Amino acid sequence: MKSWRTRIGVSLAVGAAAIAIPLTSTTAFAADPPGAGWVPIGAEAYPSKAACEVSELPMAHDAGYNEVWCDDSKHIMPIYYR
C-alpha cells in the first residue's frame, strides 16, 4: 500500500498536468493577415513597412476600413485592410 505522501504527490502532479496540458496545447493565434478579418487589397513596392502603412491608411479609411497591414517579407508588399 502506498503512503499518503506518495498519493498526495501523485494527485498533485496529475492535477497540474490536467490543467497545464489544455492551456499549452492550443494553437497560437497572433491575428496577423491574411486571417482574422483582413482583406487582401493589392500589392505595391514601398521602401519600408512603415512607409507602406502610412501611405495606405488614408485609402483604407476612404474604403471604410480602420487598419492597414503590409507584408514586408516580399519586395512588392501585399497589402491588407481590416
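Modeller: A residue is called buried when its relative accessible area is under 20%, exposed when over 50%, and partly exposed in between, with a 1.4 Å probe and protein chains only. Y65, with a relative accessible area of 26%, is therefore partly exposed. The structure is a predicted model, in which local features need pLDDT of at least 70 and side-chain atom pairs count only at pLDDT 80 or more, while totals for chains, interfaces and linings use all residues. Residues are numbered from 1 along each chain as its sequence is written, and side-chain values use heavy atoms, with hydrogens and water left out.

Colleague: How many strands does the open sheet have, and in which order do they stand?

Modeller: Strands (E, at least two residues) and helices (H or I, at least four) are DSSP runs numbered from the N terminus. Two strands pair if DSSP finds at least two bridges between them. Here three strands form an open sheet in the order β1-β3-β2, and the pairing is antiparallel. β1 (39–45) and β2 are the edge strands, each pairing on one side only. β2 and β3 are joined by three bridges, and W69 has Y80 in β3 as its bridge partner.

Colleague: Where does α2 lie?

Modeller: Contact means heavy atoms within 4.5 Å. Angles run from 0 to 180 degrees between N-to-C directions, and the axes are lines fitted to C-alpha atoms, for helices over the stretch in contact. α2 lies across β1, β2 and β3, and runs at about 145° to β2.

Colleague: Which residues make up the largest nonpolar core?

Modeller: Such a core is a set of buried Ala, Val, Leu, Ile, Met, Phe, Trp, Tyr and Cys residues joined through side-chain atoms within 4.5 Å. The largest one has eight residues: Y46, C52, A60, V68, C70, M77, I79 and Y81. β3 gives the most to this core, with three residues.

Colleague: How many aromatic pairs are there?

Modeller: Rings of Phe, Tyr and Trp (its six-membered ring) pair if their centres lie within 6.5 Å; planes under 30 degrees apart count as stacked, over 60 as edge-to-face and the rest as tilted. The count is two aromatic pairs. The ring centres of Y65 and Y81 are 5.6 Å apart and the planes stand at 55°, so this pair is tilted. Because Y65 is in the loop between α2 and β2 and Y81 in strand β3, the pair ties together parts 16 residues apart in sequence. Y81 counts as buried, at 4% relative accessibility. W69 and Y80 also form a tilted pair, 5.7 Å centre to centre with 50° between the planes.
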